[in-house]
Amino acid sequence: MTLDSSNNLATNGQSVPSSFSSVSSSIPPATRARVSRAEMEQAVRTLLIGLGEDPDREGLKDTPKRVVKALQFLTQGYDQSLEELLNGAVFHEDTNEMVLIRDIDIFSSCEHHILPIIGRVHVAYIPNGQVIGLSKIARICEMHARRLQVQERLTASIAETLQSVLQPQGVAVVVEATHMCMVMRGVQKPGSWTVSSAMRGVFAEDARTRQEFMSLIRHNPAFH
């Protein structure tokens with residue numbers, strides 16, 4: 001489900017299980033082919049020249065280095081291993097009640113303009129014999145957010161990762177975010193926000209369970 005600020009709706013769709021590998025394989029390995037840092041810095045320098053700037057003036061002299069370092073930090077999710085991130089924090093537990101973490105702050109980057117996406121994630125799952133350390137849910141959200149993204153894929157990726165790792169009765173993920181590509185450029189609409197959801201298992205099949213989740217995360221959106 002996707003909801004924008006004009007209220008238009010659009011529907012979208014103690015061991016780790018063997019399906020873990022299908023999720024893990026979607027994460028580009030740290031050994032993937034790279035260009036050198038010097039080549040990246042030169043590319044930033046070229047952009048500065050193309051914008052009409054002098055990359056050798058005092059304020060911009062070290063900007064290429066800073067830009068490359070910042071981009072590498074903001075996309076560090078490409079280099080994270082899900083297996084290392086979990087670090088064995090999946091436990092057997094005989095419970096079938098909803099587990100919910102709401103208001104997980106995320107900072108991502110739009111893959112179309114490499115401009116910020118700023119928002120929050122709400123995640124719930126209903127266990128089926130296994131639970132995950134709560135901090136790992138936030139780390140999974142951050143791992144996927146720290147890549148070039150579109151919000152729809154980010155939402156689905158978080159849901160699919162938890163579904164694969166835990167094999168729960170169901171997973172629900174809602175992402176609320178504001179996109180600087182809409183605020184700073186193009187249509188230039190400050191205050192616009194987007195909500196996307198991904199429902200798996202019982203959350204997709206049972207309207208009452210889905211409604212319980214949605215009621216628990218309901219609030220007035222505000223981004224500053």
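This is a predicted model: local features need pLDDT of at least 70, side-chain atom pairs count only at pLDDT 80 or more; totals for chains, interfaces and linings use all residues.
Ser-109 counts as buried because its relative accessibility, 7%, falls under the cut-off of 20%.

**Next stop: Val-174**

Now select strand β8, which runs over residues 170-179, and pick out Val-174 within this strand. With a relative accessible area of 2%, Val-174 is buried too. If you then select Thr-155, which stands 19 residues away from Val-174 along the chain, you will find that the C-alpha atoms of the two are separated by 6.8 Å. Once the neighbours within four places in sequence are set aside, the contacts of Val-174 include Arg-120, Val-121 and His-122, and also Val-195, Ser-196, Ser-197 and Met-199. Phe-213, Met-214 and Ile-217 are likewise in contact with Val-174, and Phe-213 leads on to the next selection.

**Next stop: the aromatic pair**

The structure holds one aromatic pair. Select Phe-203 together with Phe-213 to see this pair, which is edge-to-face, with 5.9 Å from centre to centre and 70° between the planes. Phe-203 lies in helix α8 (residues 202-205) and Phe-213 in helix α9 (residues 207-217), so the pair ties together parts that are 10 residues apart in sequence. Phe-203 is buried, at a relative accessible area of 0%, and Phe-213, at 0% relative accessibility, counts as buried as well.

**Last stop: the largest pocket**

Finally, turn to the largest pocket, which has a volume of about 590 Å³. To find the place, select Met-40, Val-67, Val-68, Leu-71 and Gln-72, which of the 23 lining residues are the closest to the centre of this pocket. Then show helices α2 (37-50) and α3 (63-74), the elements that give two or more residues to the lining of the largest pocket. The largest share of that lining, six residues, comes from α2.

Notes. Residues are numbered from 1 along each chain as its sequence is written. Side-chain values use heavy atoms; hydrogens and water are left out. Helices (H or I, at least four residues) and strands (E, at least two) are DSSP runs, numbered from the N terminus. Buried means under 20% relative accessible area, exposed over 50%, partly exposed in between (1.4 Å probe, protein chains only). Contact means heavy atoms within 4.5 Å. Rings of Phe, Tyr and Trp (its six-membered ring) pair if their centres lie within 6.5 Å; planes under 30 degrees apart count as stacked, over 60 as edge-to-face and the rest as tilted. On a 1 Å grid over the protein atoms alone, a cavity is a set of points where a 1.4 Å probe fits but cannot get out, and a pocket is an open set with protein on both sides within 12 Å along at least five of seven lines; lining residues have an atom within 4 Å of a point. Grid points are joined across faces, edges and corners, and a volume is the space filled by probe spheres set on the points.
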